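The notes below follow the order in which I checked things.

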Amino acid sequence: MSPPVNRRQVYRLRAPASGREALAAVEPGTVYLDRETGEEMRPVTRALPLAPSESSLLRTPDNLRICRRCDQLIGVDVSDCPYCGLRQPALDGGS
Ligand SMILES: [Zn+2]
């Protein structure tokens, strides 16, 4: 029942000077460079849960969620999936 140990942890990376961001699977001891600026990117938030899940799909970071139909990452503030057009449920806890 032990979870797989080869699952890569996906982080949101940010280049401090330019503020550019990217999602990448980070491995310890590896430095990630922005492809365009060459600036070192630092992981800022974790995009995948540590707990194993049935798939390797990205889970929702704080400002993204997953479309239930096409499994694409979409913004939490969009009402319809830009990929497949599925109507998204309203968020809880709104003002
Ligand atoms: Zn969709």
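For these entries I take strands as DSSP runs of E with at least two residues, numbered from the N terminus. The model is a predicted one.

Entry on Ala24. Is Ala24 buried or exposed? Its relative accessibility is 18%, and the cut-off for buried is under 20%, so Ala24 counts as buried. Leaving out residues up to four places away in sequence, I listed Gln9, Val10, Tyr11 and Leu13 as the residues that Ala24 touches. For Leu13 I also noted the C-alpha separation from Ala24, which is 7.0 Å across 11 residues of chain.

I traced an open sheet of 4 strands, ordered 2-1-4-3 with antiparallel pairing. Strand 2 and strand 3 (32-33) are at its edges; each has a single partner strand, so one side of each has no neighbour in the sheet. I then checked strand 3 against strand 4 (residues 40-46): the two pair antiparallel over 2 bridges. Tyr32 has Met41 of strand 4 as its bridge partner.

Entry on the core. Which residues make up the largest nonpolar core? I found 5 residues there: Leu13, Ala15, Ala24, Val26 and Met41. In soluble globular proteins, nonpolar side chains tend to be buried together.

Terms used: Residues numbered from 1 in each chain as written. Predicted model: local features only at pLDDT ≥ 70, side-chain atom pairs only at ≥ 80, totals over all residues. Heavy atoms only, no water. Buried < 20%, exposed > 50% of the residue type's maximum accessible area, 1.4 Å probe, protein only. Contact = heavy atoms within 4.5 Å. Pairing = 2+ DSSP bridges. Core = buried A, V, L, I, M, F, W, Y, C linked by side-chain atoms within 4.5 Å.
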